Structures are given as structure tokens and as C-alpha cells.
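Dear colleague,

Please find below the structure that I am handing over to you.

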Amino acid sequence: TATDYWALLGARLLVAACHGLFFGIAMVIATRVAPEGRQTTAVSFVVAGVTLASIAGIPVGTAIGNAFGWRTTFWVIAGAGALAAVLLAILIPETGGPSRQGNFRAELRAAVRPAVLICYATIALFMTGVFSILTYIVPILTDVTGVPLEVVPWVLFALGSVGFFGNLAGGRLGDWNATVTTAGILALSVVVYLAFSQVTANGILALGLLLAGWAVGFGFPAPVQGRIIKEIADAPNFGATLISTAFNIGIASGAALGAAAISSGWSYGNLSYLIALFHALALVSVGGLYLYDRRTRFAPA
């Protein structure tokens, strides 16, 4: 029903504000209803839903918009959201236990614990690297790997599909050891993208490395978010919503960084150095988390 651009932008900002709230609470609920020892897997299921929605929703929404107009797409989204709200109200079980309604001071103290802040920084660094290259994924596919433009949608579908399974693997491994899993994912990502930068002349090999990078990278969100939820379990609501903030800081920073690199004369293939650099910095951040864990584990009571 928007009558001009500014009304549409205002509605989009309102939806964006709800986005962080929804995913923060969704993570908390998922970990509460999950069996003991499977909390990170539960987080990966939430992320998997986002991945599947992206794989299926974008082409379906585009098709609806092309056939019936862009306003129809938004009406369909609104209807789907209303249906989802009803299903959530019906299907989400009571988690039991004492009420978690409470004072904001406790929520704030939980959100600024050292381990939690390190995880936020790790997320921001990781996403900065990802979006420095993801912003330009289409020209990277066409100009670097040589994928014909008409084949790009199928390649994007393949990237999303391997990412879906990578996410589930990251959740399962995160239940075993979230810190080690996160560190391993980041180390593999650095290796993959450094290798990609060296084989851009070989389109098939470069495309294979991109697929590997997507599979590895999508394993990242579940273990790091699972660690945050575990750290703030006594007062999770505010800290959980800041997870989305950390992701969005990285998204905006990565897009700006990639644009600056391209404007300064970098080729699309060289953007892989940026993702390798920021994932290496994120790996250093995880190293700090490991040292913090050791110090607190062996500190006297």
C-alpha cells in the first residue's frame, strides 16, 4: 500500500527492526526445547530454515512479482508471515522452568560478558569477509570462473544447497566442541580462499573452490551462536538480539570494503584476499576465546 519510495523504505526499516528481535528469540526458544547436548544443532536448524527460504523464496518471489506485480509479492510475504505467527503460537511448547522476565541490568550484564563480546567480534569479522566477496558474486562467477550469465542462477542454487548441508554439519560438530569447530571452519576458509586467489585462471577449479568455501562458511553461524546462547542462558533475551546486530555490522562493512577495493582498481578475483584476511582475523578472535576459556577454567574459585 506504499504510495512512494519513502513509505516503502519506512516499512522496510520497520521489518528490519523486527528481524533482529525475531531471530534472537528464535535462537533462545530453539535451544530451550532442544534435547540436552543438541542445542547447537537446534541453532543450525533455525539457520537452515533461513537458507531454504533464500533458496526457494527468492526465485518464487521473483516469479510472483514478474507475473502479478511487485506489490503482490509483498502481500504474499505478509500472508506467509501471518500464517507463520499462528503456527508458532500453536506449536511452540511451554519450556517450563522459572520465568525469565526480568530486569534489563541482568540482560545487559550477560550481553557484555567477555566470551560473548569475543563471539560478537568474531561474527562481525567473519561477515565482513563474506560480504566483501558475496556482494560481487555474480561478476565473480561470470568474469573470474567463466560461468555463462544464463547459468548463474543454477550456480547460485548449487552454492545455497552446499551451504545448507554445511550449516547442518557445523551444528552437529558445534555440539561436540563449539570453539574448536569455529576455529576449524575459519582455518579451512582461509586456506580455500587463498587457494582460490591462485587458480582464478582455471574456471572449473575456481568454481569448485567457491563451492567448498560456501560449504565450509555456512558451518560457521551455528557453533558461534550456540556458544553465545550458552554463555547468556541465565538472561538471554537482549544478548540474543545482538547476534543479528553483529551479523549486520559485518554485512554492511563487507559490502563497503568490497566496493572500496573495486573502486581502487582491484579485480574481482582479488577480493578473495579480503575474505581470507578477515577470516584470519576472526580466527585470531577465536584464539582469544580459547585463551579466555583456559584462564577461567583454571582460575581459583
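Gly213 lies in helix α9 (residues 203-217); helices here are DSSP runs of H or I with at least four residues, numbered from the N terminus. This is a predicted model, in which local features need pLDDT of at least 70 and side-chain atom pairs count only at pLDDT 80 or more, while totals for chains, interfaces and linings use all residues. Residues are numbered from 1 along each chain as its sequence is written, and side-chain values use heavy atoms, with hydrogens and water left out.

Gly213 has a relative accessible area of 4% and is therefore buried. The word buried means under 20% relative accessible area, exposed means over 50%, and partly exposed lies in between, with a 1.4 Å probe and protein chains only. Leaving aside residues up to four places away in sequence, Gly213 touches Val192 and Tyr193, where contact means heavy atoms within 4.5 Å. Gly213 and Arg113 are 100 residues apart in sequence, and their C-alpha atoms are 31 Å apart in space.

Two further pairs may be set beside this one. Val50, in helix α2 (residues 39-68), is partly exposed, with a relative accessible area of 36%. Its C-alpha atom is separated by 9.3 Å from that of Phe164, 114 residues apart along the chain. Ala260, found in helix α11, is partly exposed because its relative accessible area is 44%. The C-alpha atoms of Ala260 and Gly49, 211 residues apart along the chain, are separated by 32 Å.

Next comes the nonpolar core. The term denotes a set of buried Ala, Val, Leu, Ile, Met, Phe, Trp, Tyr and Cys residues joined through side-chain atoms within 4.5 Å. The largest such core has 60 residues, of which Ile123, Ile140, Leu210 and Ile228 touch the most other members. Helix α5 (residues 114-134) supplies the largest share of this core, 10 residues. Ile228 touches Val116, Cys119, Tyr120, Ile123 and Ile243, again not counting residues up to four places away in sequence.

How do two helices pack together? Two packed helices are described by the angle between their axes and the distance between the axes. The axes of helix α10 (residues 221-231) and helix α11 (residues 237-263) come within 10 Å and cross at roughly 140°. Such axes are lines fitted to C-alpha atoms, for helices over the stretch in contact, with angles running from 0 to 180 degrees between N-to-C directions. Pro221, Gln225, Ile228 and Ile229 of α10 make the contact with Ala240, Ile243 and Phe247 of α11.

Finally, two threonine residues deserve mention. Thr241 is in helix α11 and is buried, with a relative accessible area of 17%. A polar atom of its side chain lies 2.6 Å from the backbone oxygen of Phe238. This is a polar contact, that is, a pair of N or O atoms within 3.5 Å; within protein, one must be able to donate a hydrogen and the other to accept it, and residues adjacent in sequence count only if both atoms are side-chain atoms. Thr122, in helix α5, is buried, with a relative accessible area of 2%. The side chain of Thr122 reaches the backbone oxygen of Ile118 at 2.8 Å.

Yours sincerely
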